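User: I have this model open and want a quick walk through it. Can we start with a single residue and work outward?
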Amino acid sequence: MAHTLGLAKNAAGQVEGFEIFIKFLPPSASAASLKEFFGEAGEIVGEPRIMLDSKTGNCKGIAWITFASKDAFQTAISWTGSSFQGRKLEIKAGKQFHTGIRPSVQAPGTHTPALCAEVVKKLVAPNPGGVYVDGTFGRGGHTRAMLAAMSPSGSLHAFDMDPEAIVAGKELMKADSRFTIHHAPFSSMKAVLKPLGVRVSAVLFDLGISSPQFDDAGRGFRPEADGPLDLRFDQTKGITAWDFLMSASREEIIRVISEYGETSDATASQRIADVICLARSKGALPKRTREFAALVAQGKGPEYQAMHPAKLTFQALRIHLNSEFDEMRKGISAAFGLLGEGGRIGLISWKHSECAIIMDIFRSLEAVRDKEPLLKWYRTLPDAEQLPERWSMEMDEVTRPSEKELQTNSRSRSALLHVLRKRRMPRLADLESMAYALPAWCSVTEPAVSSTPARKRKRKETEITSVAAPAGTPELTSSELSRPSRCEEEGRRVSDGTNLEGCNHCGKVGHTTKRCTFGAKPSERFLPCEGTRPKAPCFWRRFLLPLQRANAQTFTADDPRACGRADVGLRCVSAALFRSQGLRRNTQVCLSFEASNHTLEVSGALARGLVPDEPRLASRVFEAFEAYFAGQGLPDPDEDPEAWCASNLRGLEVKERSTKAALKAALKKKPSEPAEGRVVMLMLDAEGEPIVEVLKQISRTNVVGVVAVLGDHRGFGPHDVQAYEEVARSMQADIVRTSLGGTTLLGSHAIVILQHYLDEHLHRCEVPKQVDYGRGR
Ligand SMILES: C[S@@+](CC[C@H](N)C(=O)[O-])C[C@H]1O[C@@H](n2cnc3c(N)ncnc32)[C@H](O)[C@@H]1O
């Protein structure tokens, strides 16, 4: 029978051997057992490539083997149908090309440098006689290519933390006098090279781990391979991953996994930390990688993932133990100090988090581009000062591996080459601060239709509670602040009241309309409800929504769903706070963005101008986050009550804290509330007591507040429920599990129903009848 030859080719496209494709292998098939079996057909080139199950690390039934000769290849093909570890194999000629990226043939102990030609072209070619630094020598792939492109007068210093890399570097030192290896972290390059008085032309950082480190099971970097749980670049220093996990607190483990594991799934980090803590409390924390990976996979849950479920945990531990991000910052700064004018830093990054650090550093040093629109504007101003020239950075376009490189080195698929150039130029950050300080900048930031008064434009956004003021409404003086007056805009009678809240019609402080102020003081983020004729002191309501995947740092108004389903939270805010005619002032909603550890409290008593439609609500939330991350807070109500009153941030408070901390705060009574007053935590639970029964019972107690905790679209796990109940017990709150009926509801719908039952069955004061619906209000 004639076979189409499966010619295996190397990077240069030369035939390296003859490839077979094997199907129906058992899970236990390994490279060693395949080599032993197929070795009898003839000489095998490199290692068999086995498709592995990302979760178990076992063979998925498929493998490729390359033979050195055509005869061996044909013999192996003739064995199709033969039995291997109890399975009948199908053996065919391998295809030359795969769809997608073909796994590369990387011989153990070797490393194919990524983007090598590009590194040489961008870093060495401009000045082949210069002094170069390779901050991450590895096995010297890039170093060798750089040396090959350098002239005899050039020199290259390399750094690595890994003793095995140093052995390889010392060999190269013997062969090439232009080369020196240093066993030190790259952050120390300035301390090492400065005394030599060299001016460096370019520095390369190929970040992360090398293939030999990864492939060597003894280093512990691979979840699928069995090895010690070590994960250090330099095994002679520091502590192993196992030692770290044995001594770290649960919070520290969660932080490391979520911060360096590039996952926005806060629950996953917590669950992984929990299984680690549980295992170590029983003295059973695995010391070997494969067992540890299985434990992580167990903790994480069976969710689908294309990669090994423990891969990101291993990555996180590696980054932490080797201080990779800290090293990056210090290393880039050291390199910047060593370069002369026009000197370059090349950074090969592999992960989003590395790119983010590079961009962060670049932004702080970024040179002003000549085409910068702000610069053009700045130059037109007669009073603009000369911009100072400082050491700055320009960045070239980022380079990715070519198709050709991907065909031969699939591991390079996520590599990106950033090249930064040191220049003596004005910095963009200087231009921005100097431009913004100019008086002319104010007119630039004015809205385009400047004849329209600001509040008139706001009217559209705030159709429920605000009415626009006419142009030229006079500002109130401080003496006017204390007396009731008329609302200039509408000519309505306004009532007495505290001055701070301002008028919802014209936005001014000093007079308050009946409807627009709730008497809330800055510290009163929610109020007990209050009827016209209270029968008894009534209660407040708080809704806590843990949004397990939501990340406040990536929240955008355009797509709140994308940051981890914050859209669910927005709908809950709307459901909890809005009635047809304004906000419920007795209600506060707290959204917990668990992926970034931030909470957002929206308080009905304080927020102004909120509207229930999702896009505009999202804009307000975005505004609150933006102000928080920029370090801007609410104006001080004592110093500037008007600004406080009119601020869009009022009633939307962002804090960095966990859901548990937010729950603790929510369950706290006010000092003014009676000592015997009860706070009740309601947990919605299909198995719980019917809500009406529950509320009837609660109404017999002296309840001052109700806190309802609702799950997002993913619901709660038993761990969460247990944790929330623990917090409630520590706050001496009553815990009630209650059911809203047999149908599984959306969180926002459940809130509407719950508010209805609370109004109907727990409300102790008379709710004023709202009779005048419609636009007239
Ligand atoms: C991706 S590999 C570099 C491979 C190398 N470019 C090559 O072609 O062989 C990264 C290397 O940097 C080393 N490394 C990581 N962080 C380091 C640091 N802070 N200082 C020095 N070496 C470091 C690792 O030990 C590893 O050998």
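This is a predicted model: local features need pLDDT of at least 70, side-chain atom pairs count only at pLDDT 80 or more; totals for chains, interfaces and linings use all residues.

User: Where does Glu 601 lie?
Analyst: In strand β19, which covers residues 598-603.

User: Which side chains does the Glu 601 side chain make polar contacts with?
Analyst: One is the side chain of Gln 588, at 3.2 Å. Another is the side chain of Arg 657, at 2.6 Å.

User: OK, on to the ligand. How many residues surround it?
Analyst: There are 24 residues around the ligand. The closest are His 142, Asp 160, Phe 186, Asp 206 and Gln 213.

User: How does that shell split by class?
Analyst: It has 9 nonpolar, 10 polar and 5 charged residues.

User: What is 2.8 Å from a nitrogen atom of the ligand?
Analyst: An N or O atom in the His 142 side chain is 2.8 Å from a ligand nitrogen. For the Glu 327 side chain, an N or O atom is also 2.8 Å from a nitrogen of the ligand.

User: And what about an oxygen atom of the ligand?
Analyst: A ligand oxygen is 3.1 Å from a polar backbone atom of Gly 141.

User: How much of the ligand does the protein bury?
Analyst: The ligand exposes 600 Å² when taken alone, and the protein buries 99% of that. The space the ligand takes is the largest cavity.

User: New topic. Phe 205: buried or exposed?
Analyst: Buried. Its relative accessible area is 1%. Phe 205 is in strand β11, residues 200-206.

User: How far is Phe 205 from Ala 335?
Analyst: They are 130 residues apart in sequence. In space, the distance is 9.8 Å, C-alpha to C-alpha.

User: Now backbone angles. What is phi at Gln 85?
Analyst: Near 45°, a positive value in a residue other than glycine. Most residues other than glycine have a negative phi.

User: Where is Gln 85, and how accessible?
Analyst: Gln 85 is in the loop between β5 (83-84) and β6 (87-88). Its relative accessibility is 42%, so it counts as partly exposed.

User: What about phi of Ser 323?
Analyst: Phi of Ser 323 is positive too, near 45°. Ser 323 sits in the loop between α12 (311-321) and α13 (324-338).

Definitions and conventions
Residues are numbered from 1 along each chain as its sequence is written. Side-chain values use heavy atoms; hydrogens and water are left out. A residue is near a molecule or strand if one of its heavy atoms lies within 4 Å of it. A polar contact is a pair of N or O atoms within 3.5 Å; within protein, one must be able to donate a hydrogen and the other to accept it, and residues adjacent in sequence count only if both atoms are side-chain atoms. Accessible areas come from the Shrake-Rupley method with a 1.4 Å probe; for residues, only the protein chains shown count as cover. On a 1 Å grid over the protein atoms alone, a cavity is a set of points where a 1.4 Å probe fits but cannot get out, and a pocket is an open set with protein on both sides within 12 Å along at least five of seven lines; lining residues have an atom within 4 Å of a point. A molecule sits in a cavity or pocket if more than half of its atoms lie within 2 Å of its grid points. Ala, Val, Leu, Ile, Met, Phe, Trp, Tyr, Cys and Pro count as nonpolar, Asp, Glu, Lys and Arg as charged, and the others, Gly among them, as polar. Helices (H or I, at least four residues) and strands (E, at least two) are DSSP runs, numbered from the N terminus. Buried means under 20% relative accessible area, exposed over 50%, partly exposed in between (1.4 Å probe, protein chains only).
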